[in-house]
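Subject: Structure handover

Hello,

Here is the structure I promised to pass on. Please open it first, then read my notes below.

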Amino acid sequence: MSSPRYSPRELEPKWQARWEESRLYRSTEKSSREKFYCLEMFPYPSGDLHMGHMRNYAIGDAYARFLRMKGYNVLYPMGYDAFGLPAENAAITRKVDPAKWTRRSIERMMSVQRRMGLSYDWERTLATCEPAYYHWNQWIFLKFLERGLAYRRSAPVNWCPSCGTVLANEQVENGGCWRCSSQVEKKDLEQWFFKITEYADELLKDLDALENWPERVKTMQRNWIGRSEGAEIDFPLVGSDTIISTFTTRPDTVFGITYLVLAPEHPLVAQLVSGSEREKAVLDFADRAMRQSAIERTDETRDKVGIDTGRRFINPVNGQQFPILVADYVLMEYGTGAVMGVPAHDQRDFEFARKYGLPVRVVIQDETGALDGDTMVCAYEGDGPMVDSGPFNGRNNREAMGHFVTHLEDNGWGRSAVGYRLRDWLISRQRYWGTPIPVIYCGGCGTVPVPEDQLPVLLPHDVEFTGEGNPLETSPSFLNTSCPSCSGPGRRETDTMDTFIDSSHYFFRYTDPAYGKLPFDPDKAAYWMPVDQYIGGIEHAILHLLYARFFTKGLRDLGLTDVGEPFTRLLTQGMVIKDGAKMSKSMGNVVPAEDMMERYGADTARMFILFASPPEKELEWSDQGVEGSFRFLTRVHRLVVENRHLLNGAIGGQEVEDETARSLRHATHRTIRKVTDDIERRFQFNTAISAIMELVNELQRFLTERGPEVTAGRGAAGEAIRVIVLLLSPFAPHLAEELWETIGQPYSVALQEWPQYDPDLTVSSSVEVVVQVNGKVRARFAANPEASEEELKEAALRIPRIKEYLEGSELVKLVVVPGKLVSIVVR
RNA sequence: GGGGGAGUGGCGGAACUGGUAGACGCAUGGGACUUAAAAUCCCAGACCCGUAAGGGUGUGAGGGUUCGAUUCCCUCCUUCCCCA
């Protein structure tokens, strides 16, 4: 019997066209089925679809297809995170319009995604660079402004000299720019911020309820938010009314304070030394320190440098006076920009105090009770009884912690306080290809928001891309406008928004991407949100996932949604590796997705990606492995085509079955159970695919044994074929669709119900039981799975080989695990 | 420096609740088919000793708990990620 070859090149485009034309994957809210929102992190359209993308989509699509067959009403959309630097750089170097460049890239990206045969509802596609989308960035900005969640202030900011723009704290990695790795500088600039710190506590607390997020992502977010409890303490200046406030997590050490250090940026520095003979020296020092990066300044291996201001303060708890210094290792961004020095109980303070000859005063003793500030060689950071601490002497420092705060509060010296590492989100970018911030500056009225009915503020086209400065400043038509308030001349804000704003609410927009009244239709969002399964790279563990959570809470507080957390379940996929290194252009080890599909077809590529590794782990690329997946699909294709006549008869149960047929049916039903469980509960596609391979092998053995006519067990074989096609359809949808038609079933395989297993057919009639003697496997025997402990014990002891082991020895212990093993201990 | 993963044949990986380590696949060796090759199909295989039956060793290293540990606990090594 000859059969047509498996030819993905013909078969895949054919089915893709058919799916599109029948609008097979369109989703609507009008359904009695339970909703499921499955989402992949949308890509930045660079034009190249790399293996990381492909892996992301192969996982998401398999899952979405599985859920549809399981009976859910699935929303599975795709869009493009289309603002950003590469488009603008192309404009500078090649003089192409960023909008055109981006549109072309999106088209290229989309065509590869279509070739993958992904089951997106393409009618919901969006691109964040479209005015219909970024309109809503501006709208949300205005609402945030009204509520005080957006504000402008001058602050020392991270400046990337190479990108020519400022960066948020989250976008600085190891002191470098997250995009180009250039060393980040500090600059004082007027910038727009979003007040994410207002939600710091909620963002932290709600992590606990995200049961289906990877623990490490939650840990990373917790560390990033960095909540710490402690106290804010006020220190009066000697000879002045001025007060310096510091935050500390160790109020129990206040009696050990021997100096105070200010950050070079601290606003009081200039005032403190004004007119004194130290003025010049201190200001010069501060100037030099500020020019260094935060990384250099806080490097713990490096010598700390400071300078005395000559001024002194009073420690309110004991009335003693100590010096105030300025030092480079204190940063203005953390706490209040002032740090109390307790050298006896903080190693950094200790090193600093020894270097500058500052006193070291022990207030917590260790177990020897012999700590002495003058002789100790390192700080004691442990716990113990308090000494030299007034009313607290003799008490344990940990236990007294709360009482210290009360003591401070009662005397008006300070208050309990909570500190966060999280800073407000700096959203201004001095770039063209982003969302214009909808604000106008008027000589008379000051900063005036653009009225809602004048949105969107569109990006102008009369701009020059020189590579220097913000291109928006070269556009007179954009720059010059009239004040919405007094109609006088006004000047538009030329900063654009951080593109992470675009990705902070796009998942709401998918629920109705054309909606014109608000960022999204509240009713539709109420139906679809939250996202039930989100899939993307671990690199977004902090940035995007934190911003998106913040926005969701912000939108909730605007009354647009009841949802407080956007993503119920999160899957972070592992990287794609080749030859032991991350697949990247710079490594030169990239395997282009398009080439893969050209050679083997989309189904093979998808099969290999899912089979080679579980989704969360790294995936080692192997060209030979791909070959293997292709061989498997070819084998399935031939097997089904050559045996399609078997489907004409009855399926299972309705004919006399011999033992071999019965065992094939068992294999079929156990495979259904295994594959379902692997996808649904374990999210482990590699083992699901292995299970299908095993069933294919089993079926092939069966058919070879029976010969082409298959007199007995036709039903069992037919059932296996049908099940294989169905189980395969989430992973290799084109081939499954083709084979489904081949075996005479109605279009489409994607609309079929996921096969169910018959529990009776998953129970085997016999299990192999292992007999261990002193922990070593010495024999095996077949037993009834229901056999009692007593029966198994007797059966094991009857085995001649086991008898030999027992001869001349004393049986010490015997353990029986029903259905599994008998373990015998002898001496 | 702090926090969190990971370490299993030649390779990717499996072993889900402490119960037969190495499923499935790749590569390899042997065989069938073929004039030949490709493709396909069948068989073999952790390592060591042994013709074999069988025995011993084995999940990064060392120790512990247990009748039994890839799985739990302690110490250490290597590596990756995050934060400094």
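**Helix H23 and its cover**

In H23, the buried residues are Pro733, His734, Leu735, Ala736, Glu737, Glu738, Leu739 and Trp740. Buried means under 20% relative accessible area, exposed means over 50%, and partly exposed lies in between (1.4 Å probe, protein chains only). Helices (H or I, at least four residues) and strands (E, at least two) are DSSP runs, numbered from the N terminus. H23 covers residues 733-742, and eight of its ten residues are buried, so the helix is largely enclosed by the rest of the structure. After H23 comes Gly744, with a positive phi near 75°.

**Ground rules**

This is a predicted model: local features need pLDDT of at least 70, side-chain atom pairs count only at pLDDT 80 or more, and totals for chains, interfaces and linings use all residues. Residues are numbered from 1 along each chain as its sequence is written, chains are lettered from A and ligands numbered from 1 in the order in which they are written, and side-chain values use heavy atoms, with hydrogens and water left out.

**The whole chain**

Chain A has 827 residues, and 54% of them count as buried. Its secondary structure comes to 25 helices and 32 strands. The C-alpha atoms fill a box of roughly 105 × 90 × 50 Å along the principal axes.

Contact means heavy atoms within 4.5 Å. Take the contacts in chain A with a separation of 6 or more: 72% of them join residues 24 or more positions apart.

The accessible surface of chain A is about 36000 Å², and 48% of it belongs to carbon and sulfur atoms. Areas come from the Shrake-Rupley method with a 1.4 Å probe; for residues, only the protein chains shown count as cover.

Chain A carries 96 positive and 116 negative charges, and their mean positions are 3 Å apart. Lys and Arg count as positive, Asp and Glu as negative; His and the chain ends are not counted. Each charge is placed at NZ of Lys, CZ of Arg, CG of Asp or CD of Glu.

**Helix H5**

H5 runs over residues 131-146. Its 16 residues should span 22 Å at 1.5 Å a residue, and its end C-alpha atoms are 22 Å apart, which agrees. The expected span is 1.5 Å times one less than the number of residues. H5 is mostly covered, with twelve of its 16 residues buried. Among them are Tyr133, Tyr134, Trp136, Trp139 and Phe141. Gly148 follows H5 and has a positive phi near 75°.

Phe255 sits in the loop between strand S11 (243-248) and strand S12 (259-262). Is Phe255 buried or exposed? It is buried, with a relative accessible area of 4%. Ser389 is 134 residues away along the chain, yet the C-alpha atoms of Phe255 and Ser389 are separated by 5.5 Å. Leaving aside neighbours within four places in sequence, Phe255 contacts residues including Asn315, Arg361, Ser389, Pro391 and Phe404.

Thr248 is in strand S11. Thr248 is buried as well, at 9%. Beyond four places in sequence, Thr248 touches Gly230, Ala231, Ile233 and Met340. Met340 is 92 residues from Thr248 along the chain, with 7.7 Å between their C-alpha atoms.

Most residues other than glycine have a negative phi, and most peptide bonds are trans. Here are some exceptions.

- The Leu455 to Pro456 peptide bond is cis, with omega near -5°. Pro456 lies in the loop between strand S20 (446-449) and helix H13 (476-479).
- The Met529 to Pro530 bond is cis, with omega near -5°. Pro530 lies in the loop between helix H15 (522-528) and strand S24 (531-537).
- Lys95 has a positive phi near 55°. Lys95 is in the loop between helix H3 (85-94) and H4, and is exposed at 63% relative accessibility.
- Ser487 has a positive phi of about 65°. Ser487 is in the loop between strand S21 (480-482) and strand S22 (489-492), and is exposed at 58% relative accessibility.

Best wishes
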